[in-house]
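Thanks for making time this morning.

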Amino acid sequence: MSDKVDLKALFEPKSVAVVGASSNPAKIGHKVLSNILNGGYHGEVYPVNPKGGEILGLKVYKRVAEIEGAVDLAVVVVPAPIVFDVVQDCAAAKVKFLIIITSGFSEVGNRKEEKKIVDFARKHGMRVLGPNVFGMYSAKVSLNASFGPSKILPGKIAIITQSGALGGAMIGKSVVDRIGLSAIISVGNKSDLDEADLLQYLKEDEQTRVVLMYIEGVKNGNKLVRILKDMPEDKHVVVIKSGKSKRGALAAASHTGSLAGSDNVFNGIAEQCGILRAESVNEAFNWSRALSELPLVEGDNTVIITNGGGLGVMCADACEKYGVPLMDDSVLLQNIFKDVMPEFGSARNPVDLTGEAGVEEYKTSLKKALNVKEINAVLALYCETGIFEPEGMSKMVVEMDQIYKKNKPILFSMLGGEKVEEIIDVTRKKGTYVFDDVYNAASALGALYRRKRFIEELKHLENTPDIIINEMAIRRVISKARSEDRRFLMPDEAKEIMKLIGLTLPRWRIARSLDEAVSFAEEIGYPVVLKIVSEDIIHKTDAGGVALDLENKNEVIDAYQAIMKSCRTKFPKARIRGIEVCEMVPRGVETIVGGTFDPSFGPVVMFGLGGIYVETLKDVTFRAVPLALNDAKKMVRGINAYPILLGVRGEKRKDIEGIVDVLLRVGKLMEKIEDVSDVEINPLMVYEYGEGVKVVDVRILLKEEDV
Ligand code: ACO
């Protein structure tokens, strides 16, 4: 069933009521009204205030229900205790959308009142943005229904922000940076509409090319992932997700009353959906501007043109950092630039025109680079020199930018004193953004490359194999655990589930006595492993509950007795169900495959190096389910230790295909069996290519029954 909300009347309302409009210019209710009037909105505007009269030349209605015309949108700016009355009044007037600016609800623990308001609104056909928002701006109808800055430039970037204050600040910055917005919306407490709903509208809005999101916590992450996965190629999403550090996460949680999602999970999902995660507002703005104004790069040949060698080298470093590939065909470069190069210049990349280059030489070189089809993008750098004329330079930069940027990405960066500052200022005012740092320019071009690569990958997706798991039998195993009031599965149950999802395991039996242990070991064949089986002993090795590499009967007898003694001493009250006797698997690369139910994003799958490394290095990657073949492959490639799987120092490549298969099967389990909260295969032993992988140990937990 589609959960898409029709948000036309929110983004393009024909009429707006401001409930709590005030004649006092110091009040928020006044600012919202004046922003609407000054912003050029063409629809009907109805101020509402029990005092009546007139505000800013408009008749004031004492109640919403008194307004004769239909009201698409009501912006509510009355104190919290009055909001419910106002909402009731809006329902009587058949208002379609409410933007509740008022604070004092779930963000301060007042969940009950917030829920009462939203439940009532929904029941009466109204949808709610907020509460605790700064309002919204929609370029389509020139509506600035916010108490943020009044000046907003219309354009192609839509901003969705969880923090209203940051939203206001971003409006200010967008004006200074001359970035045009198609919309800016603050989602606040997300009591009803959330970023996913807004994204649905913006996805289809032809004016919006980039959606920039500021997120702290995500409540309905699987819906968000679904929409993000479905974004068209030509619509880019840049996200600033705060709450990364422990302190940040704490502040984020108290700031909006929502939980900040796990950072690793979010990074994985960003990769999976092709969204770009920015570290700062500046970075997000730089990327958004580039993505909204420049075409995506067509190929891997970027050329740096500079009049200063040092700046060029720094830029080459920055390109490496941000994944910008530099053209290295020196013969072709020599041919292209030989006429404009002084003898002591360099036609290798970076192309160094030297400090002698004036505006004309620079312009000629740029034109060559921009007109040659083999060059795909240009980073144009300039250092202040003595022979430098700012006016000519500004003119040339704007001209080149305006003529060529539609065909091929061109990014300028300049460094110097007052004269350079002047150029940067003049050009930005004319709509050409000149960076003041090569790293920022390379990072923006890197964003174009990343999007391009993601889109290319989509074009070459392999089919994901159809994985059938025995759901009925799995549910039977789970029901048995539930009937015994257990949230964890016993090792034999967990292993049974592994079999039911199609994975092979080492041979094993559970022995209830020493005699059984010996006879099972003989049956399985030496060497074997013994492991304690008890739901009360989680860390088996620490409890002395594991013995590896037992070569004969006597070693099994000794190990059995030692395990029992150690576990009984360390955990006298533990329920011991027996000792598992298991085939000792040969050593391979120890990896971990996990599945967990993330509170924000729902079921996700994890891959990383296993054993002790998982806790020390935290070298893991995540993806949300459903997992495609491409996702699973990228998870494996995404860990820092990937070269180990490719084989180091003459070792053979490992069985990566085997890992991918396990990831897909665990993904299917997490997708289909909603009762499972956690699966952990650790270690998953990985052997050389063609020799497969082995699930050595597995643990499965179930969700709490009421979740
Ligand atoms: N219908 C219409 N208007 C009413 C009603 C009613 N039933 N009852 C009262 N009013 C009028 C009041 O008379 C007043 O108008 P007046 O100036 O003519 O007297 C107006 O509504 C506002 O009421 P006040 O009591 O003056 O409240 P005030 O304007 O001081 O505060 C506000 C209201 C702004 C909603 C406040 O309660 C609030 O929540 N402030 C925080 C807003 C905020 O920060 N939101 C989050 C944004 S995100 C960020 O971080 C920036």
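Let me begin with a definition: a polar contact here is a pair of N or O atoms within 3.5 Å, and within protein one atom must be able to donate a hydrogen and the other to accept it, while residues adjacent in sequence count only if both atoms are side-chain atoms. By that rule, a polar backbone atom of Ser103 sits 2.8 Å from an oxygen atom of the ligand. The protein buries 72% of the 1000 Å² that the ligand exposes when taken alone, with accessible areas coming from the Shrake-Rupley method with a 1.4 Å probe and, for residues, only the protein chains shown counting as cover.

Before I go further, please keep in mind that this is a predicted model, in which local features need pLDDT of at least 70 and side-chain atom pairs count only at pLDDT 80 or more, whereas totals for chains, interfaces and linings use all residues. Residues are numbered from 1 along each chain as its sequence is written, and side-chain values use heavy atoms, with hydrogens and water left out.

Back to the ligand, where a polar backbone atom of Ile101 lies 2.9 Å from a nitrogen atom of the ligand, and a polar side-chain atom of Asn49 is 2.9 Å from an oxygen atom of the ligand. In total 23 residues surround the ligand, with Ser22, Lys27, Lys51, Ile101 and Ser103 the closest; a residue is near if one of its heavy atoms lies within 4 Å. Helices H3 (80–92) and H5 (164–176) each contribute at least two residues to this shell, helices being DSSP runs of H or I of at least four residues, and strands runs of E of at least two.

What does the whole chain look like? It has 24 helices and 29 strands, and its C-alpha atoms fill a box of roughly 95 × 80 × 40 Å along the principal axes. Of its 707 residues, 57% count as buried, meaning under 20% relative accessible area, with exposed over 50% and partly exposed in between. Helix H18 (residues 491–500) is mostly covered, with seven of its ten residues buried, among them Ile497, Met498 and Leu500. Just after H18, Gly502 takes a positive phi of about 95 degrees.

Finally, a word on confidence: pLDDT, the predictor's confidence in each residue from 0 to 100, averages 91 over the protein chain, and 95% of the residues score at least 70. Over residues 247–261, however, the pLDDT is below 50.

Key
Buried means under 20% relative accessible area, exposed over 50%, partly exposed in between (1.4 Å probe, protein chains only). Contact means heavy atoms within 4.5 Å.
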